[in-house]
Amino acid sequence: MTFDTVIIGGGLSGLISGIRLLQNKKKCAIISSGQSALHFFSGSFDLLNFLPNGEKVAYPQKEINKLIKNFPEHPYTKLGENEFNKLTEQAEQLLKQVGLHVQGSSEKNHFRITPLGELKPTWLTMPQFAITHNDSLLPWKKVCLINIKGFLDFHPEFVSEAFKAKGVKTEIQFFDLPELDRIRKNPSEFRSTNLSIILDKESSREKMIEDFSVFSKNSDALILPDCWGHKNSSLLSDVMKEIGKPIFLLPTFPPSLIGVYTQQFLKDCFTKLGGTYMLGDSVTEANIKNNRVTEVFTKNHGNIPFKADNVILSSGSFFSQGIIADMNKVYEPVFSLDTDFLEKRSDWYNRNLFENQKYQQFGVKTDNNFRGLKNGKPIDNLFVTGAILNGFNPIKEGCGAGVSILTALYVANQILIKEQTYESAGQ
Amino acid sequence: MKTTTTASTHTEPWDVIIIGGGATGAGTARDCARRGLKTLMLERHDIATGATGRNHGLLHSGSRYAVTDRESAEECIKENMILKKIARHCVEKTDGLFLTLPEDDLSYQSKFIESCQAAGINVQAIDPKEALLREPSANPTIIGAVLVPDGTVDPFRLTLSNILDAKEHGAEILTYHEVLGLIKEQNRIIGVKIYDHVNKEEKDIYGNIIVNASGIWGQKIAEYADLKIKMFPAKGSLLIFGHRVNQMVLNRCRKPADADILVPGDTICLIGTTSTHVPFEEVDQMYVNPEEVDILLREGEKLSPSLVNTRILRGYAGVRPLVASDDDPSGRNVSRGIVLLDHEIRDGLEGFITITGGKLMTYRLMAEWATDLICKKLNNTTRCTTAEVNLPGSRLTKEEVNKKIISVPSSIRESAIYRMGDKAENLSCNTDIENSLVCECEEVSAGEVEYAFKELHVNNLIDLRRRTRVGMGTCQGELCACRAAGLMNQYSNLPANKCKESLSVFLNERWKGIRPIAWGDTLRESEFTSWIYEGVCGLNLSEEQLKNTKK
């Protein structure tokens with residue numbers, strides 16, 4: 001099987017580079033083992049919320065030079081200021097082109113509201129999700145928080161308490177449908193994915209309008225757990241029209257419906273553009289000759305190799321097994337690329353779970369063009385993007401999605417430029 | 001029935017005030033209450049947080065001590081048989097094997113069997129091939145095997161049952177009440193000065209007899225009375241594996257050494273222990289270090305080779321409350337025997353006794369000795385019944401409980417009966433909502449969580465884990481912790497911000513045990529936990545909590 005580019009990993013990073021390449025008429029395949037970090041997506045993409053030294057970032061475009069000056073290992077430093085700004089705009093454009101109408105921009109962070117009611121800075125937030133532009137002020141005087149009766153993965157009490165601290169009055173109400181009793185009978189089935197199937201049925205519309213108009217009587221807005229509107233996109237807007245009050249969503253505990261939905265949406269874009277998405281397959285080994293990846297073998301395709309001019313490795317961090325830790329080391333399992341980690345295992349962690357955990361910065365080493373290094377030398381046609389990269393802390397810095405998207409676009413652009421150069425040289 | 005304020009409004013002195021809520025303290029409270037004494041038990045944290053909750057959970061047959069400590073071995077086998085009867089819902093009769101590996105001295109086996117028999121322990125050498133049939137996970141290269149009546153015991157359940165029985169007989173239990181000092185009048189201790197961590201207040205409580213049952217911390221309690229009890233803190237580290245590799249307890253048939261016992265329990269198994277002397281000042285801060293992990297894995301693999309491919313869930317360490325008797329640097333040769341000190345005779349100080357030493361296995365006997373002495377001092381002649389009467393939870397058979405809660409879905413029913421014994425009947429009128437699962441690894445329902453918050457002295461999510469196993473399974477609380485925090489807000493009287501705080505403390509406490517073994521799949525789960533809680537939810541430690549963790 002021959003492609004222009006083979007992408008290993010079907011999460012956010014892999015899909016973005018794939019879409020970008022397909023938009024430019026390149027033949028692409030994605031090999032995806034299945035679940036990705038998108039499955040516990042918060043509904044927002046972060047770009048840069050804090051510098052590695054903890055300093056707050058409010059205006060990512062303006063403040064990126066502070067990071068670039070002081071933190072040479074960071075993927076954003078490898079991009080440089082101009083490229084960083086260009087790519088963030090390109091990313092916003094690409095999402096719009098494919099039909100994801102997100103809120104926010106890279107000029108200034110806005111704030112998303114977490115399942116516990118906390119405010120966290122972010123870059124782009126999915127439509128319908130609750131946001132605010134001021135970290136000490138919420139845009140409502142009184143809201144009605146609604147949970148589904150018996151749903152344990154969303155706790156409006158926590159949101160309420162956090163809202164009250166910011167001077168917003170709250171009221172908690174519970175929504176129920178007789179049909180939900182059926183899944184209540186099975187103790188482990190009352191989760192967001194199952195709920196949404198029932199809640200999104202046309203038959204629930206009437207009860208929603210009826211209950212929500214009562215619930216929202218004294219409130220400026222309604223806030224619901226993210227269990228609605230994925231199978232029936234007009235449901236929420238119709239209900240809003242009927243009751244005359246805005247409805248916002250908050251993410252729930254996993255599975256994140258917005259994550260499952262976003263993954264599916266981007267995957268559909270990729271395949272509609274002609275991409276080949278190999279779901280449930282994983283790379284077993286690869287051949288490298290003359291400093292180029294020549295063949296990639298997968299579990300499902302046995303001895304039939306994938307061949308491509310370029311290979312992009314976007315296989316994620318520890319969770320997705322893009323890198324693996326054993327008792328003594330951190331390694332990259334497909335190409336045995338050079339990895340960046342601390343020698344002593346006891347140095348990998350901090351005693352306090354919520355402090356900086358150094359292991360989260362471990363990853364694959366690359367050159368400044370994000371080509372993977374092996375024995376210190378870059379492999380010509382192997383690019384590395386996203387969470388597998390070293391040198392950044394996605395949680396502490398709030399830059400996980402940004403690194404995934406920007407490095408993906410950068411690498412896709414590099415591949416396109418390289419091909420153009422070949423083509424013009426050949427002419 | 002959360003902690004109440006009865007103690008502060010109580011004007012009459014208590015007959016007995018017991019300091020310490022481990023197995024010994026709880027057992028003593030049970031025994032005293034059953035003999036009609038007005039009893040108060042104080043615990044500075046939660047029940048079973050000291051050595052009681054930080055050991056193997058091995059229901060010793062006594063074999064392990066037979067060669068070196070006959071007296072302990074005899075006590076063990078007697079108590080083993082009693083617990084199998086009175087605490088059957090806390091106990092699994094798994095039996096055990098003492099294995100001789102090619103590198104071990106086979107001649108030790110005959111000495112071992114002889115000593116066991118002399119101590120009254122019914123053991124039997126069996127052919128290694130038969131041993132492997134009985135326990136296929138054992139090392140196939142064994143050259144000798146002895147069958148022993150070892151079992152397993154859940155120390156949390158055991159302590160709780162003793163407390164429930166004590167309460168049924170009128171005892172008062174106050175957790176999160178820390179003793180700050182003893183109140184002395186001439187040559188008599190007449191009460192305790194305590195700090196109530198829940199209501200954040202100090203108070204004095206008076207009693208006729210004060211019992212020091214605080215394990216390793218007993219040294220400090222005695223110092224409040226200007227007495228010296230020299231404890232010998234011996235740290236022991238253990239590792240928990242993610243599934244139950246073995247069905248029988250596996251021991252090495254040699255002189256006690258590091259990592260020579262592999263104990264199954266619930267859905268897991270665990271290997272232990274190491275033994276190192278630690279300074280008394282450090283007993284509140286026990287961390288498993290990488291060297292201990294290496295030893296436990298290296299030696300554990302010799303008992304059961306499949307451990308190499310089994311995921312480790314966490315490591316933990318406890319401190320044995322040994323009473324110092326010589327300068328043995330490892331603590332292995334210090335007697336495991338029971339130490340009962342009547343400070344009136346020993347130090348001329350009336351109204352104060354110390355019960356320490358011993359083992360989890362002999363907690364009931366320790367309680368009996370202590371209560372006998374208390375009764376003698378109070379001229380109470382009621383005899384001890386704790387060996388005859390079954391504990392709450394063990395009064396009905398599984399079949400009888402099953403009938404009572406047949407309406408509960410079977411998966412929840414079975415695990416509830418397994419954990420709660422006849423107390424599972426409290427779940428009989430559960431609704432569908434109460435039957436929904438909080439913890440999928442351990443099949444804990446919302447109803448069980450509700451019962452724990454309302455009836456079992458649960459103040460936070462860590463206490464809840466000890467009562468229900470929420471967060472003890474493979475995911476170590478990844479998803480169930482937040483569900484439980486939401487229910488905590490519903491079932492306890494605590495405000496949402498306290499429940500949120502409890503959630504971050506719970507996760508940090510889980511991390512303490514995960515950190516020593518965080519590689520492979522464990523590190524994947526940890527990364528996931530951080531993404532969810534810190535990333536998606538924006539959870540963090542409060543300033544106060546941060547200060548505490550840095551101490």
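In α1(A), the residues Leu12(A), Ser13(A), Gly14(A), Leu15(A), Ile16(A), Ser17(A), Gly18(A), Ile19(A), Arg20(A), Leu21(A) and Leu22(A) are buried (under 20% relative accessible area with a 1.4 Å probe, protein chains only; exposed is over 50%, partly exposed in between). The model is predicted: local features need pLDDT of at least 70, side-chain atom pairs count only at pLDDT 80 or more, and totals for chains, interfaces and linings use all residues. Residues are numbered from 1 along each chain as its sequence is written, chains are lettered from A and ligands numbered from 1 in written order, and side-chain values use heavy atoms, without hydrogens and water.

**Exercise 1.** Determine how far apart the end C-alpha atoms of α1(A) should be.

*Solution.* Step 1: the helix (a DSSP run of H or I, at least four residues; strands are E, at least two; numbering starts at the N terminus) has twelve residues, 12–23. Step 2: the expected span, 1.5 Å times one less than the number of residues, is 16 Å. Step 3: the end C-alpha atoms lie 16 Å apart, which agrees.

**Exercise 2.** Describe the contact between chain B and chain A.

*Solution.* Step 1: the contact (heavy atoms within 4.5 Å) takes 56 residues from chain B and 48 from chain A. Step 2: the buried area (accessible area lost on being put together, 1.4 Å probe, summed over both parts) is about 5,000 Å², with 65% from carbon and sulfur atoms. Step 3: on the side of chain B, Lys500(B), Trp531(B) and Val536(B) lose the most area to chain A, together 13% of what that side buries.

**Exercise 3.** State how many salt bridges join the two chains.

*Solution.* Step 1: the count between chain B and chain A is six (side-chain nitrogen of Lys or Arg within 4 Å of a carboxyl oxygen of Asp or Glu). Step 2: one salt bridge pairs Arg483(B) with Asp153(A), at 2.5 Å from N to O.

Methods:
Buried area is the accessible area (1.4 Å probe) that two parts lose on being put together, summed over both.
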